[in-house]
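Hi,

Here is the structure I promised to pass on. Have a look at it first, and my notes follow below.

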Amino acid sequence: MAIIVTIDGPAGAGKSTVAKLLSKKLAFAYLDTGAMYRALTLKALNEKINLEDEEALVKLAKVTKLDLEDNPAGLKVLLDGKDVSQEIRTLEVTNNTFYIARAPKVREVMVDWQRSIGNKKNVVVEGRDTGTVVFPKAKYKFYLDADIAERSKRRFDELKQKGKDVNKELLTEELKDRDNKDLTRKVGPLKKAQDAISLDTTKLTIDEVVNTLYKHINKNG
Ligand code: C5P
């Protein structure tokens, strides 16, 4: 049986960085479920699909081929064979993912994709509902969180590093809005699984978080 480690939490809590490093340390695969929601959003935007039309989105999802290549250089996201790893990180995509994320039937397709990947190999998977909906029986579950000010600062630094000029206040507002949408949607909301271990990463370094998770997994065999 494949070993599954789930990491859920809001944007900026450190999930991606931690999940990537932890997967390397454990020699597990890495699965970024948010990248899937982002890739389908990108395709819907490119094809000018009405994002309010759930049936159209389901149809789109069903004819979409999505591959995540877990390379040492970073995660490569292939949408119908095309590398969209950078394109899915734009603000436009980020601010439109909620249409895909809130549509129950689209989530079903997403969850099927995620399970088909996750059930084959040992994997560290990160997202919003991975410990509650996608892999409720995962052996190890974690929930990462951090203060809004710290999460906003992390996003700001990340974008700055990429050479993007961003307004800090606007970024905080967008983060709050995304939190709110993630927390309140009817299906697959952002939620700590009852049996998940919570960790507030506000004052912790990345290494401290990775080591805490790693130690817990090692200790519990
Ligand atoms: O993790 P990331 O910020 O890349 O995710 C982008 C968006 O995809 C989230 O804001 C959320 O709306 C959606 N998502 C989701 N369920 C997941 C992962 C991401 O609804 N498991």
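Let's start with the second largest pocket: strand 3 gives the largest share of its lining, four residues. This is a predicted model, so to speak of local features we need pLDDT of at least 70, and side-chain atom pairs count only at pLDDT 80 or more, while totals for chains, interfaces and linings use all residues. Residues are numbered from 1 along each chain as its sequence is written, and side-chain values use heavy atoms, with hydrogens and water left out.

Back to the pocket. Its volume is about 220 Å³ (the space filled by probe spheres set on grid points, which are joined across faces, edges and corners). A pocket here is an open set of points on a 1 Å grid over the protein atoms alone, where a 1.4 Å probe fits, with protein on both sides within 12 Å along at least five of seven lines; lining residues have an atom within 4 Å of a point. There are 13 lining residues, and Leu31, Asp67, Leu68, Ile117 and Lys121 are the closest to the centre. Strand 2 (29-32), strand 3 (66-71) and helix 6 each give two or more residues to the lining. Helices (H or I, at least four residues) and strands (E, at least two) are DSSP runs, numbered from the N terminus. By class, the lining has eight nonpolar, one polar and four charged residues (Ala, Val, Leu, Ile, Met, Phe, Trp, Tyr, Cys and Pro count as nonpolar, Asp, Glu, Lys and Arg as charged, and the others, Gly among them, as polar).

Now the helix packing. Helix 6 (residues 104-118) also packs with helix 2 (residues 33-46), at about 135° and with the axes 11 Å apart. Axes are lines fitted to C-alpha atoms, for helices over the stretch in contact, and angles run from 0 to 180 degrees between N-to-C directions. The two helices are therefore oblique to each other (under 35 degrees is roughly parallel, over 145 roughly antiparallel, 65 to 115 roughly perpendicular, the rest oblique). The contact (heavy atoms within 4.5 Å) involves Thr33, Met36, Tyr37 and Leu40 of helix 2, with Val106, Arg107, Met110, Trp113, Gln114 and Ile117 on the helix 6 side. Those residues divide into seven nonpolar, two polar and one charged.

Leu40 turns up again where helix 2 meets helix 3: Leu40, Lys43 and Ala44 touch Leu57, Leu60 and Ala61. Helix 3 (residues 54-62) packs on helix 2 at about 110°, axes 11 Å apart, so the pair is roughly perpendicular.

Finally, helix 1 (residues 15-26) and helix 10 (residues 206-219) pack at about 45°, with axes 9 Å apart. They are therefore oblique to each other. Their contact has ten nonpolar, two polar and one charged residues.

Cheers
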